[in-house]
Amino acid sequence: MNSLSPRAAVGLFLIVVLAWGVNWSVTKQLVQFLPPLWTSAIRSWIALVGLFVIVGLSNNLVIPERRDIPVVLSVALLHMTLFSVLVASGVRFLPASKAIVLGYTTPLWVAIAAPLLGKDTLTAPKLAGALLGLIGLAAILNPSSIDWTNVNVLLGAGMVILAAISWAANIIYIRAHRWIASPLQLLLWQVLVATAVLTTLAMIVEGPPQVAWSWRLVSLFLYSGLIGTALAYWAMSMVNKSISALTTSLGTTATPLVGIASAAILLSEPIDASLAVAAGLIVTGIGLATLGDRLLRSQATASG
């Protein structure tokens, strides 16, 4: 299965957005049972098994060539390890709804950092998008929304923002990488590296896991590992072959909105005015930045 019909691609993409959005509420619950490193490590083991089956059945199991090793390490360490641990750590102290809005500021950091690193050009739409996103960030971090007297809350917000920045760094590197194998073919190796690193860090920092297993905990881990990670990563790789990058980039802006809704339903988290305003500004900002990036790439293609 190497390509999808437009209808199947859209359906699979909706599954990705729903899976990622709900996964923040699931992670919020998981870190009540286990510390962040073990939460991320166990989820990664489950995802590794799921992806081994998926990739094997789709005949996409390959040995990475040397020139692809840097991108394997980049995704594994910056996104699957650092992003995952920082989010799991931060969401302990923040509502899942606010954490997902902060976590999905990643495209804004890409829009800001890429031109500074000489990897992109800052266009007017991208600048406007970045400014809107930063205003949204200020809205969600204002003292009426975030308790500035609570050090843990501030620490949690800072860790989620750092997670978004680490994901942005990974995206900037991926854009510059010359791929040999496809992202889908390298996905299993990325998860394998992340699993090994997460498990080693968890043993060193948190010691052997002390787990009071229950059906609820097992269900949460199965959802997060199989649906929120393995299925979502595979599905996104398939969707990227069938839907334009602009459509997928704009479509993923719905993920924070799904996350806010799922947190309200699953965790009974309130949707206050500052959260709604911040989410609207950040999603609009990401949309503008994405359109600006697409416009720049179209101009570059037209000019050869």
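Which residue with a positive phi follows helix 2? The views below come from a predicted model.

View 1. Helix 2 covers residues 36–57. Its 22 residues, at 1.5 Å a residue, should span 32 Å. The C-alpha atoms at its ends lie 32 Å apart, so expectation and model agree. Asn59 follows helix 2 and answers the opening question: its phi is positive, near 60°.

**View 2. A nonpolar patch on the surface.** Five side chains make up this patch: Val49, Phe52, Val53, Leu57 and Leu61. Together they have about 520 Å² of accessible area.

**View 3. Leu57, a patch member in helix 2.** Leu57 lies in helix 2 and belongs to the nonpolar surface patch. Is Leu57 buried or exposed? Its relative accessibility is 71%, so Leu57 counts as exposed; the cut-off for that class is over 50%.

**View 4. The salt bridge between Asp272 and Lys98.** Side chains of opposite charge can pair when their charged atoms come close. Here Asp272 forms a salt bridge with Lys98, and the closest N and O atoms are 3.6 Å apart. The pair links distant parts of the chain, 174 residues apart. Asp272 sits in the loop between helix 11 (254–266) and helix 12 (273–302). Lys98 sits in helix 4, residues 96–103. The count of salt bridges comes to 1.

View 5. Lys98 has 9% relative accessibility, so Lys98 counts as buried. The cut-off for buried is under 20%.

Notes: Residues are numbered from 1 along each chain as its sequence is written. This is a predicted model: local features need pLDDT of at least 70, side-chain atom pairs count only at pLDDT 80 or more; totals for chains, interfaces and linings use all residues. Side-chain values use heavy atoms; hydrogens and water are left out. Helices (H or I, at least four residues) and strands (E, at least two) are DSSP runs, numbered from the N terminus. The expected span of a helix is 1.5 Å times one less than its number of residues. Patches are made of residues with over 30% relative accessible area and no salt bridge: like charges are joined within 9 Å, nonpolar side chains (Val, Leu, Ile, Met, Phe, Trp, Tyr) within 5 Å. Accessible areas come from the Shrake-Rupley method with a 1.4 Å probe; for residues, only the protein chains shown count as cover. A salt bridge is a side-chain nitrogen of Lys or Arg within 4 Å of a carboxyl oxygen of Asp or Glu. Buried means under 20% relative accessible area, exposed over 50%, partly exposed in between (1.4 Å probe, protein chains only).
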